[in-house]
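Let's take a look around this protein together. Have the sequence and the model ready, and follow along section by section.

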Amino acid sequence: MSAASSRLRRFGDRQVGPGEPVYVIGEIGINHNGELSNAIALIDQAKAAGMDAVKFQKRTPEICTPRDQWDIERETPWGRMTYIEYRHRVEFGEDEYRAIDEHCRELGIDWFASPWDVPSVEFLNQFNPPAHKIASASLTDDELLRAARASGHTVILSTGMSTPDQIRHAVEVLGSRNTVLLHANSTYPAPPEQLNLRVINSLMAEYPNVPIGYSGHEVGLQSTLAAVALGACVIERHITLDRAMWGSDQSASVEPEGMRRLVRDIRVLESALGDGIKQVYPGELAAMKKLRRVAGDKAALDGPERAA
């Protein structure tokens, strides 16, 4: 296997990695607030923007919610309820995910989710997702990592709130053959001065056989585009119908117009990056002939010349 092919991964019927179009994920998470109609509307907006996939989060509330928090009451848009009741209120079950699966198939957009516990991996496997996503918070959960690896699907691992040693251990557990790493800062929203985008290059150097991407939680699009310029081949951003909606992730999410601008600018940028081989383009020949004061290689006037 060549070095280039070893850094490609299958996402359903797509190849993703260096040299392939950037794979853009709209992270719905729980920004649907437990309403299937919100989820469908977000899928529609992601597809209209040109995103490649949408992603949800799947939890078994009794496993993922610490027992001492179950009975703590909180105010919600649906009235005052215990935290465990709230976790169930915003959690989709099989009926909702079957509707999501059908809608995404009709539209031609991928969907998958971040399982937060082993039963959720097993639940999601029935839909044959193109990947499983492991959230930064779960990077140290070896049992979950092993279950995701055993599924045989590509595993995307976010690396926010994690040390280099923790990341190395997680990659050892997952193996590198079906793994994608995403650089991330887990602050919501993340301040620009803490994004440290050059970690993308550090991860590329340390894991030469693993595709590297970026999961952004910042406000604005500039730094996400910079991640593409640095070589990120997978981009994930939280998406929302309206940042003013209730929920902890809404403020760090991208609204529909931002989704469209993000995908448009990623496609322009990856086209502009080119192949790195210096050449004289046909459009430059007229300017060369008119403006260059000292003649160079005449062959350059007859067509592009590539320089090593």
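## A pair of strands

Start with Leu-181: its bridge partner in E11 is Ile-212. Keep in mind that you're looking at a predicted model. The two strands involved, E10 (residues 179-184) and E11 (residues 212-216), pair in the parallel sense over four bridges. Strands of a sheet pair through backbone hydrogen bonds, and they can do that either parallel or antiparallel.

## The whole sheet

Now zoom out. E10 and E11 belong to an open sheet of eight strands, paired in parallel and ordered E7-E4-E3-E12-E11-E10-E9-E8. Strand E7 (110-115) and strand E8 (131-134) are the edges, each pairing on one side only. On average, neighbouring strands of this sheet are turned by 25 degrees against each other, ignoring direction.

There's a helix to spot here too. H7 (residues 142-150) lies across E7, E8 and strand E9 (154-158), and runs at about 165 degrees to E8.

In soluble globular proteins, nonpolar side chains tend to be buried together. Here, the largest nonpolar core has 59 residues, and Val-54, Phe-56, Ile-100, Trp-111 and Leu-181 have the most contacts inside it. Ile-100, for instance, touches residues including Leu-36, Phe-56, Phe-92 and Trp-111. A second, separate core has twelve residues, among them Phe-11, Ala-131, Leu-182 and Val-234.

## A histidine in E10

Back in strand E10, find His-183. Is it buried or exposed? His-183 counts as buried because its relative accessibility is 6%, and the cut-off for buried is under 20%. Its side chain reaches the backbone oxygen of Leu-195 at 2.7 Å. His-183 also touches Thr-159, Asn-196 and Tyr-214, among others.

Conventions. Residues are numbered from 1 along each chain as its sequence is written. This is a predicted model: local features need pLDDT of at least 70, side-chain atom pairs count only at pLDDT 80 or more; totals for chains, interfaces and linings use all residues. Side-chain values use heavy atoms; hydrogens and water are left out. Two strands pair if DSSP finds at least two bridges between them. Axes are lines fitted to C-alpha atoms, for helices over the stretch in contact, and angles run from 0 to 180 degrees between N-to-C directions. Contact means heavy atoms within 4.5 Å. A nonpolar core is a set of buried Ala, Val, Leu, Ile, Met, Phe, Trp, Tyr and Cys residues joined through side-chain atoms within 4.5 Å. Buried means under 20% relative accessible area, exposed over 50%, partly exposed in between (1.4 Å probe, protein chains only). A polar contact is a pair of N or O atoms within 3.5 Å; within protein, one must be able to donate a hydrogen and the other to accept it, and residues adjacent in sequence count only if both atoms are side-chain atoms. Lists of a residue's contacts leave out its neighbours within four places in sequence.
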